[in-house]
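Work through the exercises below with the structure open beside you, and try each task before reading its solution.

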Amino acid sequence: MRGTVEVLGKIAQIQAFRGLAILMVMLFHYTIRWGSEKNGISLYPFGDFFAVNASWLIAGQIGVELFFMVSGFVIALTLYRSQTITTFAINRFSRLWPPLMVCLPLIYLVNLVSPRLPGASSSPISLLTSLTLIDPQVVSFISGGLLDGAQVTGVLWSLSVELQFYLVAGVIYFKTKNIERNFLVFLLLLLPLNALGSKGSDLFRHIPVLASFTSLRIYGYWFLAGLVIFRIRTGTNSRYSWPIYISSYLVSSAALAMKSNILIERLTLISANTIIFILFLLVLKRHWEPKSQVMRILVWLGDFSYELYLIHEVTGMALLQFIRLNSTFDSPFLVIVSSALSSIIAWAIFRFWSSPACKSTKNGLKTWHSRWLLKSSK
């Protein structure tokens with residue numbers, strides 16, 4: 001098993017899925033997310049041009065769930081490579097936080113000079129709380145209401161869910177080693193909270209932070225699917241793998257169906273989820289290698305998809321709103337311009353900061369940990 005895991009290295013297919021995921025999310029945010037239907041007034045210079053296709057473009061938000069599946073796969077790989085839970089924590093910290101140290105201050109500055117998106121904050125405190133990646137409701141709860149928990153960008157919600165997954169997956173793996181089956185058991189134990197989390201629930205009206213602490217009750221099944229695909233790819237799958245994968249698909253599709261009351265939107269979300277589950281399985285199980293130019297572009301985007309995910313909404317929408325307020329240019333092709341601008345900025349952050357900073361942070365933390373262990377043993 002150890003040898004099998006080691007040869008995986010940096011997997012091109014995973015990078016391609018990351019690239020696909022960020023393209024889906026950007027498409028959703030730059031076309032219908034900030035339209036007049038949900039916000040009262042369209043924040044796009046081209047108005048509600050894409051509204052006629054809104055029921056199909058809504059599939060773009062599934063890009064976040066695709067990121068969760070990728071995380072499940074990557075975390076399984078990271079866990080099998082980590083000797084201790086401390087090593088695992090170092091690996092995750094050194095990947096997540098160095099990019100935050102540049103991306104979030106950049107977002108903060110953009111918020112200061114451009115019209116802010118609803119829900120985004122430009123206060124210094126919000127920058128500090130955003131750097132923790134802790135859910136805003138949790139921040140407010142812990143501080144006794146002294147901090148409102150506002151964040152500089154709304155996309156950070158998914159990283160709070162990621163942190164919950166890292167914590168639960170790490171504990172389960174290093175305590176039991178059977179991560180897929182026991183993570184499923186953990187998710188099943190959370191199922192009753194779905195009923196408690198319905199609108200009007202007394203429990204969540206009085207203690208809303210509980211919903212944030214248990215976000216995995218909704219999103220955990222995409223992570224679980226990624227864990228299973230890692231097993232299948234490495235040839236270490238058990239008799240539980242296929243039933244768990246199918247169950248993950250069914251429960252996640254049911255969760256998506258509850259996101260909308262419109263039938264066509266429900267069908268679109270479920271269809272997109274179905275395609276993702278099939279593609280993820282076929283591509284990674286068969287060790288597909290990207291050969292076309294389109295796939296190479298997806299792999300390239302995947303390399304800096306984390307940085308792009310962090311900044312794309314604020315930077316891209318800042319440009320679109322600037323054009324809306326200061327010119328009469330209203331071409332829908334501005335979606336491509338915003339995507340290109342955000343991609344260039346994200347690539348520069350990745351190339352000149354994140355790539356070297358993540359490596360140096362990882363090496364520094366490992367050196368510190370080794371010295372601490374040596375000192376403790378004396």
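The exercises that follow concern a predicted model, and they take up a helix, a cavity and some aromatic rings.

**Exercise 1.** Check whether the span of helix α15 (residues 241–257) agrees with its number of residues, and find what its buried residues pack against.

Solution. Next, take the buried residues of α15, which include Ser 241, Ile 244, Tyr 245 and Leu 256. The buried residues of this helix pack against α5 (62–81), α10 (179–190), α14 (216–234) and α16 (263–285).

**Exercise 2.** Classify the ring pair of Tyr 249 and Phe 277, and state which helices it ties together.

Solution. The ring centres of Tyr 249 and Phe 277 are 5.5 Å apart and the planes stand at 65 degrees; since planes over 60 degrees apart count as edge-to-face, this pair is edge-to-face. Tyr 249 lies in α15 and Phe 277 in α16, so the pair ties together parts that are 28 residues apart in sequence. Tyr 249, at 22% relative accessibility, counts as partly exposed, whereas Phe 277, at 3%, counts as buried.

**Exercise 3.** Describe the largest cavity and its lining.

Solution. The largest cavity holds about 40 Å³ of space, and among the residues that line it are Val 110, Arg 116 and Met 317. The lining divides into six nonpolar residues, three polar and one charged, and its largest share, four residues, comes from α18.

Terms used: Residues numbered from 1 in each chain as written. Predicted model: local features only at pLDDT ≥ 70, side-chain atom pairs only at ≥ 80, totals over all residues. Heavy atoms only, no water. Helix = DSSP H or I, 4+ residues; strand = E, 2+ residues; numbered from the N terminus. Expected span 1.5 Å × (residues − 1). Buried < 20%, exposed > 50% of the residue type's maximum accessible area, 1.4 Å probe, protein only. Contact = heavy atoms within 4.5 Å. 1 Å grid on protein atoms, 1.4 Å probe; cavity = no way out; pocket = protein on both sides within 12 Å on 5 of 7 lines; lining within 4 Å. Points joined across faces, edges and corners; volume = space filled by probe spheres on them. Nonpolar A, V, L, I, M, F, W, Y, C, P; charged D, E, K, R; others polar. Phe/Tyr/Trp six-rings, centres within 6.5 Å; stacked < 30°, edge-to-face > 60°.
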